[in-house]
Amino acid sequence: MATNNGPDVMEFAKEEEKVLQLWQKLDAFQSSLKQSKGRPRYTFYDGPPFATGLPHYGHILAGTVKDIVTRWAHQSGYHVDRRFGWDCHGLPVEYEIDKKLGIKGPEDVAKLGIAQYNNECRKIVMRYSTDWEQIVTRLGRWIDFKNDYKTMYPSFMESIWWVFKELYNKGMVYKGFKVMPFSTACSTPLSNFEAGQNYKDVQDPAGKDASSVLDRQTSLGTFIVNFPLVDDPKVKVLAWTTTPWTLPSNLALCVNPQMMYVKVKEKATGNMYILMEERLVALFKKEEEYEVLEKFRGEKLEGKRYKPIFNYFQHMEKRGAFRILTDSYVTTESGTGVVHQAPYFGEDDFRISLKYKIITRDMTPVCPVDMSGRFTAEVTHFAGQYVKDADKDIMKWMKQQGRLVHQSTTMHSYPFCWRSDTPLLYKAVPSWFVRVEQLVPKLLESNKNTRWVPEFVKEKRFANWLKDARDWAISRNRYWGTPIPLWISDDGEENELKTLTGNANITDLHRDFVDLMTIPSRCGKGDLHRVSEVFDCWFESGSMPYAQAHYPFENCREFEDGFPGDFIAEGIDQTRGWFYTLLVLSTALYGKAPFKNLICHGLVLAADGQKMSKRKQNYPDPMSIVDKYGADAVRLYLVNSPVVRADNLKFKEEGVKDVLKDVFLPWYNAHRFLLQNVDALHREESVQFLYNDECTDVAQNYMDRWIVSFTQSLIKFVKQEMSAYRLYTVAPRLVKFFDQLTNWYVRMNRRRMKGDGGRDECVHALTSLFHVLFVIIRIMAPFIPFLTEHMYQKMRGLIDPRSTKGNTDSVHYLMLPECREALIDVEIERAVSRMQSVIELGRVIRDRKTLPSKYPLREVVVISEDAQIRDDVKALEKYILEDHAVLGVRLKGAFKSVMAEIKTLSDDDLRQFQKDGQITVQGHTLTPADLCLKYTLVTSSGATPGHYEAHSENEMSRVCVPVLVLLDVTPDQSMLDEGLAREVVNRIQRLRKKAKLVPSDDVSVFYKTSGDLCRVLKQFSEHIRTTTKSPVIDGPPPANSDIVIHEKTKVKTAELELTLVKGCASCPGVEPTGSGGPTPLCRFVNVELCGSSPQGGAKGCQGTVLLENPRGDFTLSLPDLVKQVQIIFGLQQKRVRLFLSKSKDKDVTEKSTKDILALHGTTLYAYTD
């Protein structure tokens, strides 16, 4: 039975491509959905990305998290529909068209026409969709692109209209003016959470008003302007701002009524100023520069009139403008303590001016800035200028007028448009709002009833945002979006499109279609016309649970059964985006959250900690990394990082590479090692290996029982943590498991699996390893879909068909393994953990003494006061001794130095410290965090015996009991000789690997050396032959040999020449001795096959069989000899008889052959019946 055990050198990325071909052939994803029909439903909502750009690492991370959870749900017995979503509307698309067509504002769109503009949007909205599908598929994510949803579908848009109608009918929609972040590049207002997405440090003439809407600014400089009082023009009130462009719209000044203000005289100029006492430092560096004339509270200034800087809005004086107002929002932190008020450019300004009735909500706003951010004709001095560009001209004008007192530049944090990357303005705009502030208590309650992972994001960041939630401006003054379905007459009558236009067969709901439709007034007031705004695209994505199902127009039962959804996931930036809008709309409609479980991951940054930037090229192309290392490596690197705990990840290519080196390669090698030895078992012992999961009983071998128990404990833990959506605990545990599997279990049981302990032991070990690997590939399949599929396809032919159910063509069709509690043995797991600690302590000693790991030691001593630890270590003594001879060194942290005073403590003092957990030394209380006990061995004289080296550890396997390990490091010639022999074994194995040989490839090893190394090789020839499975022969190979590889090397200081030759004395391929082939170093017989042809891949009809090993031990019996002949010629299924002649007149039987060794040197003739 020969199987394909996989490539010698695993190229993970290329193998993934083969797996993709298999999935395509099976139509694997759709097949899995068909198989799961009828199971309980698991509802997943996919947040829609924009298709105007290619996926970046943030998309890959989010897609991986979603794929893991939904695959896990499917393999847990659920039916999981996974529809890909596309965000098709809004600024990302429009901004691209504006750049392409050179559109600067609404006037340009009007000239072009909305129909043409939207047609341009339609052309590009899905331009990268094919790339998205290819990339997402290559990354291993199973999601339905054919049955996707798009926010531009009429069915989706109609459901959005329904959501709006429900809110409108509940009285939650209103129209009003509000100071909002405004993108002049996109000519539209943004919501507060959009404005918070892109803050940058910028240099302004000065900082913004300290108490304005820019609440994330740094400590700012000042731009101070004087305002002469009308009653006493010689006295000037000093106000400050960082936005000079708002000064033409100034209507008032504001002071804090309770703070102390002063009238001072500047000694250098004689000017008299009024400002807050605590803010004198804003203008004066020294007290000697001014004289305080008067002190008073701010309330004394209330109502005082001042001379405005500009006279553009002089008519507002009748409404009480150009007076000093009071409010407690003015602080002592910056500026002059006097804030200039431009009501339509600041939220607090607007609020205070309303309170003093300088403005009203329904009046024509004093807002001389158009949609493009340019001054209107009212501002005659600066008309047509972009406001930010006008700052310098405004300052220059004020300086000429004697109004500028002081100016400085400063760096501060300022919001930029998340799409156009241009500075935002804060200005009053008319908008349609959803009442969110009144909903806050319900929002907090809805949030409380959800599970967030990690929880702190829910309890802190998101809950705090909800507490301060403001009414949501849902309208945008744009074109490519879902139109707001309100038709209004002059007196405000409003109605819905579908019920009143009489046109129920509308195929497109975009503006270029619906704006042309009118609705007859019920009151005979002519036709109603649709309002011009479209919905904020966040309103659209927040409506996706209903709109993707075209609810409530169809799929009602399906939607209602699956609502709220079981799971969503996105980045932490969506706490103010998609997570928020989902919760607001669902709470407003149904009084509950639209999801039950949410994973919030962090952001992926460049290696230097900066935001990834195409312009800076500070990160590697994602697909180049996938092509180089494979998608599995990228997936595991991302989910086994702090980013799944909502922390940020600095992406490093080396981290992806380490996944291959530290996890995948050891795992793959263990898998391939299993298959190779299953092959060898069949080839050499004629055992047909067939695994039946239902027949896996409790093993007898201690290490088999340990790894099976450890694996079942892993199943239990992973299922428990996955049910709580804690990927950040699952991934590290899975990665750690592979260390336990490959570096402990496989390494300690290699010989058993190769058959050195006999056939039965070999079968038991291979069965245990198969069980563990079959479990882990099913557990890991949602995380690592490609490699697990590759391994499964290699293993599935060894699985007993009687133990399988349903379609088993793919590992992703299989259900997750159940935890079998009966196989868990916590005592064995504890004992092995302690054994590992002892071994690792020994490795520290080896490292300290620079003892090569291959050199055996005379003695290992383990000292502990805990009898249970001693018993556990004693039970696993042979593994400790074996591993100290063959395992490599691993670094372990050294103990901290103990302070000099502590060294004087007695043994009783330290024992008491160990018992109490603390000790007082010179008035300082020390705990185990401060004091680490190090144990050593001393003689009666107080010295450590020179032939022992000690190392200790205070904490072993979650049991706080000290353990001391001693290694006898006394030099010994026999130990050194054995170490040399092990070095030679290592060189031979490395040479086999270099020649790309597999365990089933039979070779002979010829060597040439001298001196002590030659002596050692002869002395340990049997050990070398047993370990390498190859005869080791002194001298050069025969001239006619088929040489595989030749190499000269050094072992210590000795020269060693090694040659590997095809075939060996006990296998076909090396000619018998009578034909001039190599002579074995022990007794043998030659065999010739007669009357039949070799089978089972064997070649040639002649061979040689050793009757004993080179040391004269383990003599074959006649049945063993016959079996070896069967193996040589591939005749395991045939009956073979041996004769002393070709005429078959003298057969070899137990009766005729009393002494098998008497056949030495003869030729036997083999015939089959």
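Good morning. Helices and strands in this talk are DSSP runs, with helices of at least four residues and strands of at least two, numbered from the N terminus. The structure under discussion is a predicted model. With that convention, Pro564 sits in the loop between helix 18 (556–561) and strand 27 (565–571).

Pro454 is placed in the loop between strand 19 (451–453) and helix 13 (455–467).

Staying with backbone geometry, I turn to phi. Most residues other than glycine have a negative phi, and most peptide bonds are trans. Asn555 has a positive phi, near 55°, and is not a glycine. Asn555 belongs to the loop between helix 17 (544–547) and helix 18. Its relative accessibility is 34%, so Asn555 counts as partly exposed. Ser686 likewise has a positive phi, of about 60°, without being a glycine. This serine is found in the loop between helix 22 (653–685) and helix 23 (702–723). Ser686 is partly exposed too, because its relative accessible area is 37%.

Which residues touch the most other members of the largest nonpolar core? They are Leu167, Leu251, Met316, Phe375, Met398 and Phe539, in a core of 145 residues. Helix 19 (residues 578–590) supplies the largest share of this core, with nine residues.

Next, helix 26, which covers residues 759–780. At 1.5 Å a residue, its 22 residues should span 32 Å, and the end C-alpha atoms are 31 Å apart, which agrees. Is this helix largely enclosed or largely open? Of its 22 residues, 16 are buried, so helix 26 is largely enclosed by the rest of the structure.

A contrasting site is Lys805, in the loop between helix 27 (785–795) and helix 28 (826–848). Lys805 has a relative accessibility of 72%; the cut-off for exposed is over 50%, and therefore this lysine counts as exposed. Lys805 and Met815 are 10 residues apart in sequence, and their C-alpha atoms are 9.9 Å apart in space.

I now come to the strands. Strand 4 (residues 144–150) is largely enclosed by the rest of the structure, because five of its seven residues are buried. Strand 4 pairs with strand 3 (residues 83–86) in the parallel sense, over three bridges. Within that pairing, Gly85 has Tyr149 of strand 4 as its bridge partner.

An open sheet of four strands has the order 6-5-18-20, with antiparallel pairing. Strand 6 (188–189) and strand 20 (472–473) are its edges, each pairing on one side only. Strand 5 (residues 173–183) and strand 18 (residues 424–434) are joined antiparallel over 11 bridges. Met180 stands opposite Lys427 of strand 18.

There is also an open four-stranded sheet in the order 37-36-39-38, and its pairing is mixed. Here the edge strands are strand 37 (1032–1034) and strand 38 (1043–1051). On average, neighbouring strands of this sheet are turned by 25° against each other, direction ignored. Strand 38 runs antiparallel to strand 39 (residues 1054–1062), and eight bridges join them. Lys1048 is positioned opposite Glu1057 in strand 39. Helix 33 (residues 1011–1019) lies across strand 36 (1003–1008), strand 37, strand 38 and strand 39, and runs at about 40° to strand 39.

Finally, the cysteines. How many disulfides does the structure hold? The number is zero. Cys1101, for instance, is in no disulfide, and the nearest cysteine sulfur, that of Cys1090, is 8.3 Å away. With a relative accessibility of 32%, Cys1101 counts as partly exposed. Cys121, by contrast, is buried, because its relative accessible area is 0%. Thank you for your attention.

Key. Residues numbered from 1 in each chain as written. Predicted model: local features only at pLDDT ≥ 70, side-chain atom pairs only at ≥ 80, totals over all residues. Heavy atoms only, no water. Core = buried A, V, L, I, M, F, W, Y, C linked by side-chain atoms within 4.5 Å. Buried < 20%, exposed > 50% of the residue type's maximum accessible area, 1.4 Å probe, protein only. Pairing = 2+ DSSP bridges. Axes fitted to C-alpha atoms, helices over the stretch in contact; angles between N-to-C directions. Contact = heavy atoms within 4.5 Å. Disulfide = S-S within 2.5 Å. Expected span 1.5 Å × (residues − 1).
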